[in-house]
Amino acid sequence: MAKILKKLAFLIAIVTAISSLLAGCSSDKSTSSSASSAKGDGMKDYAVGKTFKADKPLTFTTMYNDAAWYAFKKDWLLWSEITKRTNVTLKPTVVPMSDYGQKRSLLISSGDAPLIIPKTYPGEETPFVSSGAILPISDYVKYMPNFKDKVEKWKLQPELDRLKQADGKYYVLPGLHEDVWPDYTLAVRTDIFEKNNIAIPKTWDEFEAALKKLKEIYPDVTPFSDRWSTSGAASPLGALLQYAAPTFGTVGGWGTTNYIKFDQDKNKFIFAGATENYKQMLQYFNGLIKEGLMDKESLSQSDDTAKEKFVSGKSFVISSNSQEIVAMRDSMNKTLGEGKFSIAKIDVPGGPKGNVIAGSRLENGLMINAKAKDDPHFKELLQFVDWLWYSDEGQELAKWGVEGTTYKKENGKRVLMPDINFLGLNPAGKKDLRVDYGFGTGTFAYGGTTDLLQSTMSDEEIKFQDSMHQNKEVLPTDPPYPMESVDQEQATLLSTPLTDMVKQNTAKFILGTRSFSEWDAYVSELKAKGMDKYVDLVNKAYKEYKKKN
C-alpha cells in the first residue's frame, strides 16, 4: 500500500509540474495582487498580550498528526478550551503519523487539504509552492503580532530569510525557539558502564571502544540496538544519522530532506550523499555492525522492538530524546525493578570534524492552504493561528493545558496537578496530560521561550541541555537557494529519485549488503539519476540569490 501511495504521489507531482509550467507566471500575479489585504474584519484590538476571540462562532479545518502514543480523542479538553477562549472550533482531519507526509501531499495536490496544515518542517513546503496550492504567508504576517514580536525580539529574521523562495516570499510558518535546542542523542545504561569501569564516551572512537569492552564482557549481548528507521519520515537510522552527520562533516537521516549541503571552503553546494565524508560515516557504522557491536536489525526493526531490547537488558545503548528516555525508564521500573538500573542521555560524541552540532531555532510549523485567502474570515484565521501557535498564552495552553485543571503555578513555576503525569514529571499521576487531555502533543506544542521549553524538562534534561550548549559548537546554517518555479519543478523531479537512492544505499552500505568497493559505481548511479544537474540548479539559484541580496 505504501508503495502504491508513493507512486500515486509521484504521478500527482508530475501532473502538478506540467500544470505549473502551462500556467507560467499567472499564479505569481494572482498571489501578488491579493497580498496587500486579508478578508474579514478580524478582532479590532488584537495585539501582543491579548487573547484572540472571534465575535461569532467560527470553524476552521486543520490536519492532525496522530501519534499512537497519544491517540486522537474528539473529547479532549484541548478542543473545548480552544473554543472557549477563541470562539473557534477546529475540525481536524486525523492522519496517522506513519502516513502523514504522503497523505499531506495527496491532500494538497488534489485540492482537498484543510485550511491549516501543521507539522510541516521547513523545506517540506517547497514542492507545493509553484502550483499556488499554499499561501505565501510572508505577505500576511503583518496580521500576526505575536509572530512578528518574537521574530524581532529573538533576531530571527536571518533564519527566516532562509525560507524564502525565488519570489522573495516564504510559504511556511515555522515554530520559533528562543535558543537552539538539541534533543536527540544516545541513551546508555550508565549502571552497566559504571559497573564495568567503562567511561562515558566523548567521541565516536571512544564509543566504539566502549562497545567492544561491553561485547567482551557480555558476549551474548549486541550492545547497541537502534531505532527510528521505520517510523515517521522513514529514513535509515533517522535520528542517529541526524546527530552523527555534523560530526563527520555531512548531513543525514532526519537532518536533511535532499542531501544538499553547503561547502564553506568551496563556497558552493554539493550533494552530500555522494561525498567522502558521507562514505566515512557509513563506514563507521558498518564497522560497528561487522564487529557485532551494533544490531543489524537497527535498520529494519520497529521502534517498539528496539525499545523492548533496551528496557529488557538485551542491549545497552539506543537513540533517544527527552520524552523517550522517560518512557523507557518507566518501562524498566516494571521489567528490571525500580532502583536496579540507571540510564541517561549522553552528549553527542565528537567526530572527525570535532565537537559540533547542527541546529536551527526554527521548528516544524504549518502551511496555510491558499484557499484560505478567499475565506470571508481569513483575517480571523490569521489572528487565530498567531494566537495559538505564537502567543505566550496559546503556547502555554498547548503545552500545559488549563491552569487550575491540569496545572497550577507555585512561586511562578508551573506544577502539574496531583492526579496528572507528563513524561515522568509527576509519576504518581494516574492521568496523562497528552493521552487524557490532548495537551503537550507534537501538533501544537512546539516553539516558545527557553523558560517554557524547559518548564517540562526534568533537572536531568536541563543538565544535558546546559552541557551541550557549553561543550558543543553550533555550526552555521546553510545559505538559502530559492529557485524560480520552472527550476524548482525540475529540482523536485530530480530530488525524489536521488533521495530515494541515497536512502536505499545508505542502508545497504551500513548493513554490508553492498560493498564499499562499489562506492564509485554508486556515485555513477547518482550521476545517471541527474545528480550533477540537480546540484547545478541549486548553485545557480544560490548565485542568483547572492546577487539580489
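Biologist: In which strand does isoleucine 116 lie?

Modeller: Isoleucine 116 lies in strand β3; a strand is a DSSP run of E of at least two residues, a helix one of H or I of at least four, and both are numbered from the N terminus. The model is predicted: local features need pLDDT of at least 70, side-chain atom pairs count only at pLDDT 80 or more, and totals for chains, interfaces and linings use all residues. Residues are numbered from 1 along each chain as its sequence is written, and side-chain values use heavy atoms, leaving out hydrogens and water.

Biologist: Why does isoleucine 116 count as buried?

Modeller: Its relative accessibility is 0%. Buried means under 20% relative accessible area, exposed over 50%, and partly exposed in between, with a 1.4 Å probe and protein chains only. Isoleucine 116 therefore counts as buried.

Biologist: What does isoleucine 116 touch, not counting residues up to four places away in sequence?

Modeller: Its contacts (heavy atoms within 4.5 Å) include Phe60, Leu90, Leu366, Phe384 and Trp389. Isoleucine 116 and alanine 370 are 254 residues apart along the chain, yet their C-alpha atoms are separated by 9.9 Å.

Biologist: What makes β3 and β11 a pair?

Modeller: Two strands pair if DSSP finds at least two bridges between them. β3 and β11 have four, in the antiparallel sense, so they meet that rule.

Biologist: Is aspartate 139 buried or exposed?

Modeller: Aspartate 139 is buried, because its relative accessible area is 15%. It is found in the loop between β3 and α5 (145-153). Aspartate 139 and proline 223 are 84 residues apart in sequence and 52 Å apart in space, C-alpha to C-alpha.

Biologist: Why is α3 called oblique to α13?

Modeller: Helix α3 (residues 77-86) and helix α13 (residues 378-390) pack at about 125 degrees, with axes 12 Å apart. An axis is a line fitted to C-alpha atoms, for helices over the stretch in contact, and angles run from 0 to 180 degrees between N-to-C directions. Under 35 degrees is roughly parallel, over 145 roughly antiparallel, 65 to 115 roughly perpendicular, and the rest oblique. The angle makes α3 oblique to α13. Ile82, Arg85 and Thr86 of α3 meet Phe384, Trp387 and Leu388 of α13. The buried residues of α3 include Leu78, Trp79 and Glu81, and its buried residues pack against β1 (58-66), β2 (88-96), α13 and α14 (392-400).

Biologist: What makes α8 and α10 roughly parallel?

Modeller: The axes of helix α8 (residues 204-217) and helix α10 (residues 276-290) cross at roughly 5 degrees and come within 11 Å. α8 and α10 therefore count as roughly parallel. Trp204, Phe207, Glu208 and Leu211 in α8 meet Tyr284, Phe285 and Leu288 in α10.

Biologist: How do you know that β8 and β9 are edge strands?

Modeller: The open sheet has three strands in the order β8-β5-β9, with antiparallel pairing. β8 (317-320) and β9 (343-345) each pair on one side only. The average twist from one strand to the next is 30 degrees. Strand β5 (residues 185-189) is joined to β8 by four bridges, among them that of threonine 185 with serine 320.

Biologist: Which helix lies across β5, β8 and β9?

Modeller: Helix α11 (residues 303-311) does, running at about 130 degrees to β8. Helix α16 (residues 459-471) packs on the sheet too, touching β5 and β9, and makes about 40 degrees with the direction of β9.
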